[in-house]
Amino acid sequence: MSRDPLRVIQTSVTQSPVIKTDQPPSEPAKQKGRFRPALLLHEDHDLCPGCGEPIAIRLMLEVIEELGQAQNSIGVIGIGCYTAFTSSMDVDLVQALHGRAPSVATGAKRMRPDSLIFTLQGDGDMVNEGLQEVIHTAARGESVTCILLNNGVFGETGGHMTATTVLGQRTKNSIEGRDADYHGYPILIGDLLAQLGGTVYAARGSVHDAAGVVKTKNMLRRAFESQLEGGGFSFVEILTMCPTGWFVPTAEGPGYLDNVLGAVHATGELKNHERLVTTAQLLAETRPSGP
Amino acid sequence: MRTVESRGTITVAVDRCKGCELCIPACPPQVLRMSTDRNELGVPYPELLPGCTGCGACLLVCPDFCFEIYQYETPVEYEVNV
């Protein structure tokens, strides 16, 4: 008797439709995803509910593993909430002072040119405290990859405004919303770095939904690959949720990211070798009717 | 009664869940809902209803590494009260 591929192997009649999920299924099944990436030693962390940074760190570690660079990577870590992951990431790491990660990465790359060197920084670390470091590293065309986790607030120190906070965004010290007349305008760091001659790859992704997560992972892969090809500086900005710093419920974090931060820091590739695209062009493509 | 097919399933690390609810709207077939019970952290956690496709969207958006994904070799059907 031939077997029907859609054969019913279990029929459950229950008053409660909830399926048990406390252990793997007893029926034949293929595991498609594990709790944590192979390069994360354990799952526990103390970051707030709804934070986007662990999602971005998962992607980064998965790409390093998939490129076979686990034993060949050196990460230079900035200072922010994500720094908590230095005790659980299973790659070689250097802790830099505030904003100085790109310069430390430059030294590491020049001493170990065959290693995959990356920085992990927040917007406060990269765009406020160490803006000149990342600009000069890109201008010199250092073959390192700088990863920016951009949530528009100094999350670790209490949720204050950063240089990437968008106009109208509420933070601890812009409680009525960022005001251009009083606070100035946000820095679009992706555009700033993409236009420099030493930059070969620059992109801005987001982790507010599953599609954004997949696209962001591809951006990280292209950035690391361009470094391994030795072309020059590569940069990936990842918009991450910070519901605590944004004063929104955790479930509203992704929507706030897309509607408020995403309406200014548009997602997409800003530079891929010679092809240069501005954030304004990305906004016109992705949000033709405006924010 | 209604028959619902599950092509996949998940395991949930309930005690690690911080109750952020990011997985609920991320689920394409909309088969995750928050529990009425609370875990050791004192927050509701996701429960799975029949109809999972094993796509892994919940795993992609979870900040707390609470999901594992399985795809059945042969789909499983559930009879549920509508």
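Analyst: Strand β2(A) and strand β4 (residues 67–80) of chain B pair in the antiparallel sense over 4 bridges; strands pair if DSSP finds at least two bridges between them. Within this pairing, Gln31(A) stands opposite Tyr70(B) in β4(B). Helices (H or I, at least four residues) and strands (E, at least two) are DSSP runs, numbered from the N terminus. The model is predicted: local features need pLDDT of at least 70, side-chain atom pairs count only at pLDDT 80 or more, and totals for chains, interfaces and linings use all residues. Residues are numbered from 1 along each chain as its sequence is written, while chains are lettered from A and ligands numbered from 1 in the order in which they are written.

The contact as a whole takes 42 residues from chain A and 40 residues from chain B, two residues being in contact if their C-beta atoms, placed from the backbone, lie within 7 Å. On the side of chain A that touches chain B, β1 (11–14), β2 (29–33), α1 (53–66) and α7 (210–228) each supply at least two residues. The largest share, 5 residues, comes from β2(A). That side of chain A divides into 22 nonpolar, 11 polar and 9 charged residues; Ala, Val, Leu, Ile, Met, Phe, Trp, Tyr, Cys and Pro count as nonpolar, Asp, Glu, Lys and Arg as charged, and the others, Gly among them, as polar.

The C-alpha atoms of chain B fill a box of roughly 35 × 25 × 20 Å, taken along the principal axes.
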